[in-house]
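This briefing sets out the sheet, the core, the ligand shell and the backbone of one structure. The model is shown below.

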Amino acid sequence: MKAAVIVFPGSNCDRDLAVAFREAGFDVSMVWHKDTALPQGVDIVGIPGGFSYGDYLRCGAIAAQSPICRAVADHAGRGGYAVGICNGFQVLTETGLLPGALLRNAGLKYICRTVGLRVETAASVYTEGYTAGQVIDIPIAHHDGNYFADDETVAALRGEDRIAFSYADNPNGSVGDIAGILSANRRVLGMMPHPERASDARHGGTDGTAMFRALGTALAPA
Ligand SMILES: NC(=O)CC[C@H](N)C(=O)O
């Protein structure tokens with residue numbers, strides 16, 4: 001099983017994400033934003049958190065135009081798996097691979113703390129290690145985590161069971177308390193909270209481990 005973690009100037013969760021993938025059994029390649037192709041045979045792409053290009057012009061906006069994002073879009077277009085965490089979620093909305101946008105937090109402040117996250121669906125390779133309705137503790141660290149989509153889009157996400165996670169106690173003003181969403185084929189996940197930061201008891205929590213473990217199981221060769 002192969003994972004690729006994309007590295008932009010300003011990424012700061014790339015190595016944490018690589019460790020989480022490795023512990024779930026993936027071979028991990030770090031892929032520079034200027035590369036034009038993913039390594040051969042990649043099963044899943046991870047777009048990590050951080051401050052790509054210093055968050056200019058908007059979080060994820062410049063990263064979305066990088067050469068590697070074209071390859072990521074092709075990979076997703078062929079039905080490949082991709083997960084974007086925090087800044088990675090912002091990149092996925094900026095590339096149009098996921099609907100909606102991440103706006104400035106309603107309180108206009110950067111928020112860095114652990115929050116309760118409700119697993120809305122267990123029907124994805126990312127969430128099948130949880131049960132629907134389960135509340136897990138996962139850290140957030142962002143200033144632009146306020147998910148917005150129009151009513152029609154939110155209704156479609158809800159109707160198609162594509163809301164992966166919601167906040168138990170909305171910290172940032174996200175519409176419908178949405179913290180993470182799936183693509184129509186359920187293979188692309190974007191989420192603001194950081195499961196890779198909750199994958200080692202020494203870092204204060206392990207509720208994120210089940211996500212990577214489930215991925216390792218689902219993507220393992222038959
Ligand atoms: N931790 C992150 O990925 C932060 C994302 C982005 N820089 C923000 O603050 O909203």
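The model is a predicted one. An open sheet of nine strands and a nonpolar core of 69 residues are among the features described here.

**Ligand shell**

- The residues that surround the ligand are Gly49, Gly50, Phe51, Asp55, Cys59, Cys86, Asn87, Ala141, His142, His143, Asp144 and Gly145.
- Cys86, one of these shell residues, lies in the loop between S4 and helix H3 (87–95).
- Cysteine 86 counts as buried because it has 30 C-beta neighbours inside 10 Å, where 20 or more are required.

**Sheet architecture**

- The nine strands of the open sheet follow the order S2-S1-S3-S4-S11-S10-S9-S6-S7, and their pairing is mixed.
- Strand S2 (27–32) and strand S7 (135–142) are the edge strands, each of which pairs on one side only.
- From one strand to the next, the twist averages 20 degrees.
- S4 and S11 run parallel and are joined by four bridges; alanine 82 has valine 188 in S11 as its bridge partner.
- Strand S10 (residues 178–182) and strand S11 (residues 188–191) run antiparallel and are joined by three bridges.
- Across these two strands, leucine 182 stands opposite leucine 189 in S11, and glycine 180 has methionine 191 in S11 as its bridge partner.
- S10 and S11 form a hairpin with five residues between them, and arginine 186 in the turn has a positive phi of about 70 degrees.
- S11 is covered on both faces: Val188 and Gly190 are buried on one side, and Leu189 and Met191 are buried on the other.

**Core and helix packing**

- The largest nonpolar core comprises 69 residues, and Val5, Ile6, Phe21 and Ala82 have the most contacts inside it.
- Strand S1 (residues 2–7) gives the most to this core, contributing five residues.
- Beyond its neighbours within four places in sequence, phenylalanine 21 is in contact with Ala3, Phe26, Val28, Gly46 and Phe212.
- Phe212 is also one of the buried residues of helix H5 (residues 209–219), together with Ala210, Met211, Leu215 and Gly216.
- Helix H1 (14–23) and S3 are among the elements that cover the buried residues of H5.
- Helix H2 (residues 67–77) lies across S1, S2, strand S3 (44–47), strand S4 (81–85) and S11, and runs at about 130 degrees to S4.

**Backbone geometry**

- Most residues other than glycine have a negative phi, and most peptide bonds are trans.
- The peptide bond from tyrosine 56 to leucine 57 is cis, with omega near -15 degrees; leucine 57 is found in the loop between S3 and H2.
- Cysteine 86 is not a glycine, yet its phi is positive, at about 60 degrees.
- Leucine 108, also a residue other than glycine, has a positive phi near 60 degrees and is placed in the loop between strand S5 (101–103) and strand S6 (111–119).
- Is leucine 108 buried or exposed? Leucine 108 counts as exposed because it has 9 C-beta neighbours inside 10 Å, the limit for that class being 12 or fewer.

Technical notes:
Residues are numbered from 1 along each chain as its sequence is written. This is a predicted model: local features need pLDDT of at least 70, side-chain atom pairs count only at pLDDT 80 or more; totals for chains, interfaces and linings use all residues. A residue is near a molecule or strand if its C-beta atom, placed from the backbone, lies within 6 Å of it. A nonpolar core is a set of buried Ala, Val, Leu, Ile, Met, Phe, Trp, Tyr and Cys residues joined through C-beta atoms within 7 Å. Two residues are in contact if their C-beta atoms, placed from the backbone, lie within 7 Å. Two strands pair if DSSP finds at least two bridges between them. Axes are lines fitted to C-alpha atoms, for helices over the stretch in contact, and angles run from 0 to 180 degrees between N-to-C directions.
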